Structures are given as structure tokens and as C-alpha cells.
Amino acid sequence: MILLYLTLSCLISWTLAAQRSPHHPRADAAYSPPYYPAPNGGWLSEWTSAYEKAQKIVGNMTLAEKVNLTTGTGEFMGPCAGQTGSALRFGIPNLCLHDSPLGIRNSDHNTAFPAGVTVGATFDKDLMYERGVGLGEEARGKGVNVLLGPVVGPTFRKPRGGRGWEGFGADPSLQAIGGAQTIKGMQSTGAISCLKHFIGNEQEMHRETSVLGPGYSSNIDDRTLHEIYLWPFAEGVRAGTGSVMMAYNDVNRSACSQNSLLINGILKDELGFQGFVMTDWLAQMGGVSSALAGLDMAMPGDGLIPLLGDSYWGSELSRSILNGTVPLERLNDMVTRIVATWYQMGQDEDYPLPNFSSNTLDETGPLYPGALISPTGVVNQYVNVEGTHNITANAIARDAITLLKNDNNTLPLSKNASLHVFGTDAGANSDGLNSCSDQGCDNGVLTMGWGSGTSRLPYLVTPQEAIANVTPTATFHISDTFPSGLTPNASSIALVFINADSGENYITVENNPGDRTTTDLYAWHNGDELVEAAAAVFSRVVVIIHTVGPIILENWIDLDPVKAVLIAHLPGQEAGYSLTDILYGDYSPSGHLPYTIPFNESNYPASVSLLNQPFGQIQDDFTEGIYIDYRHFLNANITPRYPFGHGLSYTTFSISDPVLTTVTPLDSAYSPSRTAKGSTPSYPTTIPDPDEVAWPDNFNRIWRYLYPYLDDPDSIVSNSTNSSAAYPYPDGYTTTAHPAPRAGGGQGGNPALFDVAFTLSVLVTNTGSRSGRAVAQLYVELPDTIDADVPSRQLRDFGKTGTLQPGGSETVVLNVTRKDLSVWDVGVQDWRTVVDGEGVGLWVGESLGSLGERDVRAIFGRGWGL
Ligand code: BGC
């Protein structure tokens, strides 16, 4: 018997206390065990046809053609962030790999969609999918084969971390659903998605191993890895992502780009990933080591120091095949995975070549800017790929806006209200649109963070323009200093715009090197003082916040004049009208917080602080285990300022009439046994003729371009006949395959994990007097019999209604899978659930904070639906 607890949707204060004492596995002696050999791809039926086609051509490729497809041509050696070599005899061009997760980076006539965190705040699966379609269409339209997104790691473990905003929020299920919907949408267009960054890239500083020193090691225990950080990657693999990018950092002291457990063991064996695995940019650290560990593609191809014309792969991979160090079977698998993915998405049929250059906006220019002396030609055709994607972008920006507070129904505003608008965040970038490369500045309304996860704005409607368009009565003070001597009349309302920015480590903005080191979690540009100054003069103040993530509001949130507060997240190009749609009540706000807002930064566990040290490798021990964001607040019994999932509307809703249906009975603690792996392509294993990688006759070499060719390939001697050249294989290296992991068997894991155990349908009714959309969030509570420390609530599914008129209602169906009710059993290496769901609680509400107290459970909690 499963107990079902359902609360009214009323927003009562945070009351969720810790249910269990903390007991976190420690990561004292971080170590990543070896996992060899690399599993070959092609054993899952969803990919059979693509692998059959791939096998036919890979079997006929020369060594040079094979190496070409695995290795980038070098930094700035083509129009895209990275491009592979080609295999033109088979119709495979240089594959273009390009950013970003929110729009085509460094391009023109593209849409700048809202960022991932904004999409997460919509809690709207359809909008997540539609944005994916839009991104895919624009990638295809520009000739991008592999679009480098979505991001599901970082996952806001560190609230100050620079790139949390690129993903969908601080909860694994929200990340998973956001990522999977994006992938499905993107790949429906033929573009290949790249799920990134695998894994544990939770802060920007010291992320990268370089000549300056090692990147940090994220030391993550197995259970935490599975239940938090791997969860969204598993869903992304299940959604069929064609590629995965390895993170810069180490995990358990082994660099992600050559971590055999992560790539061979977890991604390819346990999650059954059939696509290809690439490095993050310049994250490769070894040639043979990364090949054996399962890496399939090196990006952008350069070795430790870019632009020297050196590579760990390219001609060196050719050499390692000829001398027998890297088994030919491994290279064949790398190439088969890449070609099969190309077929899987249908890129063999009329997929455009790149028609833009991310290096310049000029029409003509060098084809290989990294080459110093390069042929030139037309590099930008200025193809407009925007379509009608502005509609989706606006809908997301609007439906993400999260109303934190609205005393006395101060919002919506009437069109003739007397308004004073404050803050540079309401206006344009004073240096001009897109004046900062990769949005590396905080000037004007904050539409996205900075770094590679950005795109140029094709246009921008600022809040100032949109407000001026709605009302002639607003006075604008586009400054972060409050004007002196202002004496508003008693009915005037102040709209104060503030923001908080962050981004990627290669750009430092106002002393923040990606992560928010200098600004803490407070508003930038003295935003708090601006709100306080407005509150000293106006009796009604509305605060609008554009932020990359959690922000501390305590300096002013309780001041009496501060009547209403909105978080508009990172809205992209549609910042203005999406906001006025809400401010003036054309739509009710329906966004919800995709993270917790604390009272103080000290509310977080100390282990999620940023780490900085001048020498030696930073050991970032994930000692808080599974308790990040709201899981921590619940477990430590800390009341936040606003709980995860919080978001008000101009109307009110009730959630009622629950119907619980058992779909697949959970009649055993572990999933039924997986099926055996299907067969994979096999090829002759004879070492290829060295002439296959000899320089072709009369070849016109581009200086510093990375080629697969060798000067004297015939001189290469097999390692087996030259013992002094024998390669020191890593500890644990073997060519004997591992037994298939029991938690695997399909894309994302054992298919039984994704069986829907229960559906829960609820009736959502608009009980207020305005139209609006509601979100029903489903949290699970695992009983003590699960025999593991678990958070007292975990989000597992959500559904958003359409626009409900007053009195209108809609049934929302929520799913709970076997995996949703499981913990990762480290000893057994499998997911363990509660047989029959006995004692499981299911909670549905409009936010984590609305779920109620024990007594609310007692009233509503007796066996509904069963
Ligand atoms: C980022 C990736 C990005 C790549 C290519 C790296 O610095 O971490 O997210 O896709 O650059 O631009």
C-alpha cells in the first residue's frame, strides 16, 4: 500500500524539517578505479540501422580518413568553435561543432533564447522542447552539425559557481527533464546535441589543467554521483543524445577526458551510450591514455599548447595505430560511433555546410584564422535562421518570471500608474548591443551570463523600451545611483531593476573570474542600496531582478515599501515585452524558483564554497553528499527565504481529486535482469598499410592545421617487435571485456528503471479571479525501509496547466518511475527500490514550501487512490 499525501496548493510557510540524521559517505581517499577496455557502440536496437550504414563505410575508410573524423583541425582552423577533418569520399564533410546552449554563438541573424535557468523556471516541458526545436533549426540553418548543448552540469552545487545558469536548475530531475526535452527537440531537426559537461564541473576557477597547473579534482562518492550528478546525464542519454562532452576537471583524481571509469564504465557500459564522447576545448591530456579510456573525439584537436600545430591525436593517433599501441578496434569504434551518429540524425541527407564564421562578422576573411597565412574567401552568408523563434523565446521569458512577493496586490500595474524606473538593468548596454565579446560585461539589462554559453543578441527590447511603449507616464532614471532631491507624489510606484551576473572563467568581469568571487551572492552595482534608497522615498517599490542564480535579498526584502519582487532570470532578446506582459497583467506570472533562496550564504554547507589555492591540485571533496540546495535545507532543518519551486500568481489555485494508479508493480527491490548486449560491428584487425597516412602528392599544407599524415610512416615499427618502445599501459588495462553492468541494458540504464510504477493525476482549479497557469510539482518521500539516508522530499515530476480562466480546471498527470523511488546501492551497483512502494509518500503542491506539515498530511493523507 502506498500512502498518498496531497496538500492544498495554498502557500504556507516553510515547515519541512529534517527527517533523518545526516550520514554522508566521505570521499577521503579519492580514487577512480580503472575500467577497460572501451565498450564498442552499436549494441542497442534504436541505433542498429545507423550502425549498419556506418559499418559499410568505415570498413572502407583509410587510416587517414578514420583519424580525420576523430580529431579537430585545430583552434581557429575553420568557421566553428571546432571542426573535425573530413572523409569526403563518403560524403562526410568537416563536421562543425559549435556553441551555444542558448543560441548560435558569435553569429548573426540568430535567436538569443532565454538561458537554461530561465527555461527551468518555466517548469514547462512543452516550452523546453520547443526551444530545443528552435535551437536545432538554427543550428541546421547555419550548418552546425553538433550544437554544444544542453548543459546539465554544473548543477548549482556551488551557488557562486559561474555557469549554473547554463543548466536548468539545482535539482537532478529538473535538470534531467530540461535536458532531455531540449535534446529531443534539437535532434528532431537533424542537429546533433552535445550533453555537457560530464561531470562535476561545479566551479570555474582552476577548472582546467594547463601549463600553469592541474585543474581541481571533484571528489564524488559513488552514491552521490549516481543520485545527483549523473541523473540528468542518464536522462539525456535515454533521450538519445548523439554526443557528450567531458568536463575539464578531474573526478576522483582522474581527468574526465581520460577517466576510464566515467567514459568506458559509466557512460558507455552502464548508461549504454551509443553516440560519441568529445573533450571540452583543450581538455585532452594524453593521446593513448584518452583513446583507451574511451574518448572518441579530440576538440579542437590541439595538444597542451594550442596553435602550435601539435596534437595528441591527428598524426600521433595514426602513429599509435601503426605501431600497435592503440588497438585498431578502438579507432574503428571511435569512427563508427561518430559516423553512426551522423546517420542516426539523418545528416547524410541534405545537411547544410557552415555558412557563417564565428571568427568575424565580415563577409570575407581568412578561412583558417589560426594559420597566420591562410587562404581567404566568403565566410559569412548572413543566413537568417530566426524564423518565428522569437515567439518561443518570449513565451519562455514570460512564463519563467517568478513572483516572489506581492503585498496588497501591488502587481499588476495599471496602465496609467505613475512610475519611476531605476537602475541600469532596465536599460540598454551604454556601449552598444553586443559590445562585449561573449557578453563579458554587465552593462544594461542582464539577458544572459558570459562565456561560451552565449550568443549575440539580434536585437534587444529593453524593459525601458517596453515600459515606455505601454505607458507614457513613466520617468526613467537609468543609473545605479539614486537621484538626489526626488520627491514623488504619494501614488507613485518605484520599479527598481537590479542584477547579478556570472560566467565562464576565461573572462573576468568586475573582478569576478567566472564565479561570483567578489560580489558574493548580492546584487551587482550597489543594487541593494538602490532598492533601499527607493524604499526611503516611495511607499510602493517593485523590485525586478535579473540573476544567474541564487541572490540574497535580506537588505531590503522586509522593508515595508518593498511590496512586490519579481525574478526575471536571464530572458535573452525578449527581456522587455516578456516583462511588461507580466507587469501589466496581460498574463499572470507562472515561473517557479529552480533553486532555493537562502537568508544567508552561511545557510549552505561549507563544502560548497568556492575553492582557491595557488599551488597543487585543489581537492574539492563533495562531503555534503546528496544534500545540495533544498535537500540540504531540509536535512539541516534550515528555513530558507524562499523555497525551491516557489512562485506566486495573480490568481490562486487548488489541487484536488488525486487519482493514483499502479502501472508497473514494484514487485522486487531491484530491476528484473537486463537483456544481454546485442552485437557490435566488427572489422579486420590487420594493421593498415602505412601509406594510408603518407602525405598525398602535391598536397597544399596549411601551416599549423592538424592533419592525420606522417612524414615517414613506413619507418614505424610495431611495438610488439620493438620491446624498448613498449607503451606503459595504465594500471588495470585489459582487453578482456567487463561483464555487462546489471544497472545497464538500455539507453540511460536498465529499461526497467524507467517503467512508470505509478501515475498520479490531480485536478488543478483556478480559484481566483484572474486567468493564469499553475505548476503541479510532485515530490517523493521514501520510507525508512529504504535503509539509506535520503532527503525527506525529492522532486521527481511536474506538469504545467494551460491558461486556466477563473473557475476553470485541468487534470495534470504525473509519473513516478521505479528509478524515482530508488537509491543507488553502492555494494550491489544497482538501483534499489521499495517493494510495492510500501510506505512511500507522494506530495503534490505548487512549491516545496507549500507541501505542508505533518498535520496537513494527517488530514489528507489516507490512502487516496489505493
Ligand atoms: C566550454 C564549453 C564550450 C567550448 C567550446 C569551453 O571553454 O567549457 O562549454 O562548448 O569551450 O567553445
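Colleague: How many residues has helix 11, and what distance does it reach from its first C-alpha to its last?

Modeller: Please bear in mind that this is a predicted model. An α-helix has 3.6 residues a turn, so residues three or four places apart point the same way. Helix 11, residues 389–400, has twelve residues and reaches 17 Å from its first C-alpha to its last.

Colleague: Is helix 11 mostly covered or mostly uncovered?

Modeller: Helix 11 is mostly covered, with ten of its twelve residues buried. Among these buried residues are His389, Asn394, Arg398 and Asp399, as well as Ala393, Ala395 and Ile396.

Colleague: Which elements do the buried residues of helix 11 pack against?

Modeller: Their packing partners include three helices: helix 3 (116–122), helix 4 (125–142) and helix 14 (575–583). Strand 13 (402–406), strand 18 (562–567) and strand 23 (794–800) are also packed against.

Colleague: What is the strand order of the open sheet of four strands?

Modeller: Strands of a sheet pair through backbone hydrogen bonds, either parallel or antiparallel. Here the order is 9-8-6-19, and the pairing is mixed. Strand 9 (254–255) and strand 19 (619–621) are the edge strands, each pairing on one side only. Strand 8, residues 250–251, pairs with strand 9 in the antiparallel sense over two bridges. In strand 9, Ser254 is the bridge partner of Val251.

Colleague: Is Ser455 buried or exposed?

Modeller: A residue counts as buried under 20% relative accessible area. Ser455 has 2% relative accessibility and therefore counts as buried. Ser455 is found in the loop between strand 14 (419–422) and helix 12 (463–470). Leaving aside residues up to four places away in sequence, Ser455 touches several others, including Ser100, Leu102, Arg105, Gln439 and Met448. Asn110 is also touched, and the side chains of Ser455 and Asn110 make a polar contact at 3.4 Å.

Colleague: How is the protein chain divided into domains?

Modeller: The division gives domain 1 (4–21 + 654–673 + 750–859), domain 2 (42–350) and domain 3 (401–594). The C-alpha centres of domain 1 and domain 3 lie 34 Å apart, and eight residues of domain 1 are in contact with six residues of domain 3.

Colleague: Where does UniProt place the feature "domain: Fibronectin type III-like"?

Modeller: The unreviewed UniProt entry places this feature at residues 774–848. In the model, that span is 0% helix and 48% strand, and its end C-alpha atoms lie 14 Å apart.

How values were computed. Residues are numbered from 1 along each chain as its sequence is written. This is a predicted model: local features need pLDDT of at least 70, side-chain atom pairs count only at pLDDT 80 or more; totals for chains, interfaces and linings use all residues. Side-chain values use heavy atoms; hydrogens and water are left out. Buried means under 20% relative accessible area, exposed over 50%, partly exposed in between (1.4 Å probe, protein chains only). A polar contact is a pair of N or O atoms within 3.5 Å; within protein, one must be able to donate a hydrogen and the other to accept it, and residues adjacent in sequence count only if both atoms are side-chain atoms. Contact means heavy atoms within 4.5 Å. UniProt positions are given in the numbering used here, feature names are shortened, and annotations may be inferred rather than shown by experiment. The expected span of a helix is 1.5 Å times one less than its number of residues. Two strands pair if DSSP finds at least two bridges between them. Domain bounds come from an automatic or database domain assignment.
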